[in-house]
Each structure stands twice: as structure tokens, then as C-alpha cells.
Amino acid sequence: MWMDIAVFASIFAVGGVVFSQFEEGTPKWRRLAKFALTMSLVALVGQTLGRVWVYAGLGLLALAVLYIHAVWLPGKGINGWTAEPRERYYALRGWDWKK
């Protein structure tokens, strides 16, 4: 179980460093809650269903991210790789546009 948690925590750490500019309007408490909830879910699934289901869940999350960035965001007129135009991305997230 600890290896599974370490893998997910590493993904969060790398994602936080690389993609933090896309979360600048999200409150810190929400980011921390997302991390805690995810780690709890990984531990629960790992203990009850096993490692295979933990990584199956990771695969499903990867597919969801791929769909969001390749289909859903472009459908809203937002580049799924750069989140441009920023005005639309901020409006979609419910944030105030900063110039």
C-alpha cells in the first residue's frame, strides 16, 4: 500500500511543480484537501480491492485527463495544452481575469 501512496504522491508533487500555473486561482485549502482525499482513496482501494485496482484507477484518471484536454477544452474554445485564451480558461474556472 505504501508504494501505491508514494507513486500517487510523486505524481502530485511533479504535477504541482510543472502545472501550478494552471491552478493559480484555486485556494490552497482546496489543493490540500484534494491531495488528502486522493491519498485516502488510494489507501482505501489498495487495502480493500488490491494494487491492480489502484493502478486501474490511475489509468482511468489518465483517460479522463486525455479526454478533457483533447476533446472537452477544445470544444469550449480553449487550447488543452496551453489553456489559451486565458480569458476563456479563467471564465471556465470561475476566476477573475488578471491582466
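Start by selecting Tyr-67, Ile-68, Val-71, Trp-72 and Leu-92. Together they form a nonpolar patch on the surface, with about 450 Å² of accessible area. Keep in mind that this is a predicted model.

Next, colour helix 3, residues 51-75. Helix 3 gives the most to the patch, with four residues.

Zoom in on Val-71, which lies in helix 3. Is Val-71 buried, partly exposed or exposed? Its relative accessibility is 44%, so Val-71 counts as partly exposed. The exposed class starts over 50%, and the buried class lies under 20%.

Where does helix 3 kink? Select Ile-68: a kink of about 40° is centred there. Ile-68 also belongs to the nonpolar patch.

Step just past helix 3 to Gly-77. Here phi is positive, at about 80°.

Move to helix 1, residues 2-19. This helix has 18 residues and spans 25 Å between its first and last C-alpha, close to the expected 26 Å. Select Asp-4, Ile-5 and Phe-8, which are buried in helix 1. They sit on the same side of helix 1, because they cover an arc of only 100° around the axis. An α-helix has 3.6 residues a turn, so residues three or four places apart point the same way.

Methods:
Residues numbered from 1 in each chain as written. Predicted model: local features only at pLDDT ≥ 70, side-chain atom pairs only at ≥ 80, totals over all residues. Heavy atoms only, no water. Patch = residues over 30% accessible without salt bridge, like charges linked within 9 Å, V, L, I, M, F, W, Y side chains within 5 Å. Areas by Shrake-Rupley, 256 points an atom, 1.4 Å probe, with all protein chains shown as cover. Salt bridge = Lys/Arg side-chain N within 4 Å of Asp/Glu carboxyl O. Helix = DSSP H or I, 4+ residues; strand = E, 2+ residues; numbered from the N terminus. Buried < 20%, exposed > 50% of the residue type's maximum accessible area, 1.4 Å probe, protein only. Bend = angle between axes of the 7 residues up to and from the residue. Expected span 1.5 Å × (residues − 1). Arc of directions from axis to C-beta.
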